Amino acid sequence: MDPVCDVLIIGGGIAGLSLASELAARRGSGAGIVLAEAEPQLSLHTSGRSAEQLIPSYGPAPVRELTGATVARLLDPRPAPSRPLAWPSRMVLVGSEARLRAEAAPGMRALSRAELVELCPELACSPADAVEAGRLDDTSVRTDAAALVAWHRDRAATAGARLLTGAPVTAAERDGDVWHVAAGVHRLRARRVVVAAGAWADEVAALFGAAPLGLRPLRRTAALVRLAKPLAPDHPMVVAADRGWYYRRAGDGALVSPSEAVPSAPCDAQPVLEDVEDLLARLNTVTSLGATGIERAWTGLRTETPDGVPACGPDPAVPGLVWLAGQSGYGFQTSAAMADAAADVLLDGTVGAWCSPETAAALDPGRFRAGSGAA
């Protein structure tokens with residue numbers, strides 16, 4: 001049996017890995033930090049299938065605040081990585097004026113249809129009633145997901161954090177103030193446990209006696225497709241205001257998604273090619289992209305809480321158990337700030353003053369418990 005560690009993080013996606021990295025950096029040593037990932041490699045599921053666009057205008061107010069903090073951190077990471085983790089890359093929301101008014105966030109710049117078509121010429125053929133105008137987000141950035149995962153992995157491991165793969169958690173028991181946890185072939189002991197298991201978070205937390213948060217895994221597919229003509233290197237990501245599709249430049253082709261949100265059991269989600277083919281037909285109707293075929297398609301699970309805001313904080317009923325879950329489609333774009341918040345909770349007992357009181361309160365997992373006043 002392993003020595004008692006201070007923090008056991010369950011889940012090696014971007015959430016758990018970011019926390020391991022941040023904790024190790026703050027303590028000056030990762031000693032006492034263990035991460036257990038069920039799969040044979042880190043970030044195998046949703047975190048390995050990111051659209052790689054961080055959009056500060058996307059999501060509810062707490063998510064937008066967390067995204068802004070994350071973007072600032074990734075544009076100037078410490079220590080400096082061997083290649084950039086993020087760089088500016090604009091996003092434009094398109095649709096009817098009514099839909100744009102409902103979906104656009106403060107700070108986005110209004111574009112007339114003429115201005116939109118000048119920025120995105122492929123929309124010139126769009127029906128005027130469907131694509132009346134746009135809203136431009138100049139704060140959006142692209143990220144290199146693989147580079148970010150590797151940076152966090154190396155940062156955590158260099159400081160001494162122990163990263164276990166092929167270690168699914170199957171049992172847990174509390175003995176005094178220590179958790180005894182079976183994780184694959186490992187028998188771990190930990191004073192505190194962080195559930196960062198993505199789509200499996202409710203199931204994992206149940207092993208520790210915690211009531212579920214009511215997390216919902218939702219399937220979302222993306223694909224790389226060929227285009228009749230490449231988009232310009234500085235072409236913005238284009239997102240339908242009704243969230244029915246998006247696309248962005250990817251080399252000579254494009255990354256596209258039907259933006260579906262289909263309920264799913266926790267699993268290694270696989271693409272439904274008919275969904276992608278239907279999307280290509282739709283895009284070729286409303287744009288002149290000339291998408292001609294699918295090179296590769298993949299699917300991830302966006303696991304959301306009942307109110308759409310991530311959960312980060314102690315379980316209100318189970319001692320020594322902390323939630324880091326429900327990031328939905330905001331996993332990468334909130335990752336640094338969520339890691340900061342979880343590290344604050346573990347080290348100081350509360351989220352730091354860098355985060356507004358409103359957002360800190362919105363993250364509290366206790367809001368989903370009976371009598372909490374949550375909807």
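**Close-up 1. Hairpin of β15 and β16 in a predicted model.** Strands β15 and β16 form a hairpin with two residues between them, and G251 in the turn has a positive phi of about 65 degrees. The model is predicted, so local features need pLDDT of at least 70 and side-chain atom pairs count only at pLDDT 80 or more, whereas totals for chains, interfaces and linings use all residues. Residues are numbered from 1 along each chain as its sequence is written, and side-chain values use heavy atoms, with hydrogens and water left out. Helices (H or I, at least four residues) and strands (E, at least two) are DSSP runs, numbered from the N terminus. Strand β15 (residues 246–250) runs antiparallel to β16 and is joined to it by five bridges; two strands pair if DSSP finds at least two bridges between them. The bridge partner of R248 in β16 is L255. Strand β13 is also antiparallel to β16, with three bridges joining them, and here L224 has L255 as its bridge partner. Five of the five residues of β16 (residues 253–257) are buried, so this strand is largely enclosed by the rest of the structure. Buried means under 20% relative accessible area, exposed over 50%, and partly exposed in between (1.4 Å probe, protein chains only).

Close-up 2. T143 in β8 is the bridge partner of A86.

**Close-up 3. Aromatic pairs Y58–Y330 and W179–F208.** The structure holds three aromatic pairs, including the two described here. Rings of Phe, Tyr and Trp (its six-membered ring) pair if their centres lie within 6.5 Å; planes under 30 degrees apart count as stacked, over 60 as edge-to-face and the rest as tilted. The ring centres of Y58 and Y330 are 5.1 Å apart and their planes stand at 65 degrees, so this pair is edge-to-face. Y58 lies in the loop between β3 (53–54) and α2 (61–75), and Y330 in the loop between β20 (321–325) and α8 (335–348), so the pair ties together parts 272 residues apart in sequence. Both Y58 and Y330 are buried. W179 and F208 also form an edge-to-face pair, 5.0 Å centre to centre with 75 degrees between the planes. This pair links distant parts of the chain, 29 residues apart: W179 is in strand β11 (residues 178–183), and F208 is in the loop between α6 (201–207) and β13 (216–226). W179 counts as buried at 4% relative accessibility, and F208 counts as buried at 5%.

Close-up 4. Helix α1 (residues 14–27) has 14 residues and should span 20 Å at 1.5 Å a residue, which agrees with the 20 Å between its end C-alpha atoms. The expected span of a helix is 1.5 Å times one less than its number of residues. α1 is mostly covered, with eleven of its 14 residues buried, among them L17, L19 and L23. Just after α1, G28 takes a positive phi of about 80 degrees. Helix α8 also has 14 residues and reaches 19 Å from its first C-alpha to its last, close to the expected 20 Å. Twelve of the 14 residues of α8 are buried, including M338, D340 and D344. G349 follows α8 and has a positive phi near 90 degrees.

Close-up 5. T305 lies in the loop between β18 (293–304) and β19 (311–314) and counts as buried at 0% relative accessibility. The side chain of T305 reaches the backbone oxygen of V309 at 2.7 Å. Not counting residues up to four places away in sequence, T305 touches L215, P310, A311, A325, G326, R367 and F368. A353 is found in the loop between α8 and α9 (357–363) and counts as exposed at 81% relative accessibility. C-alpha to C-alpha, A353 and L23 are 18 Å apart in space, and they are 330 residues apart in sequence.

Notes
Polar contact = N/O pair within 3.5 Å; in protein donor to acceptor, adjacent residues only side chain to side chain. Contact = heavy atoms within 4.5 Å.
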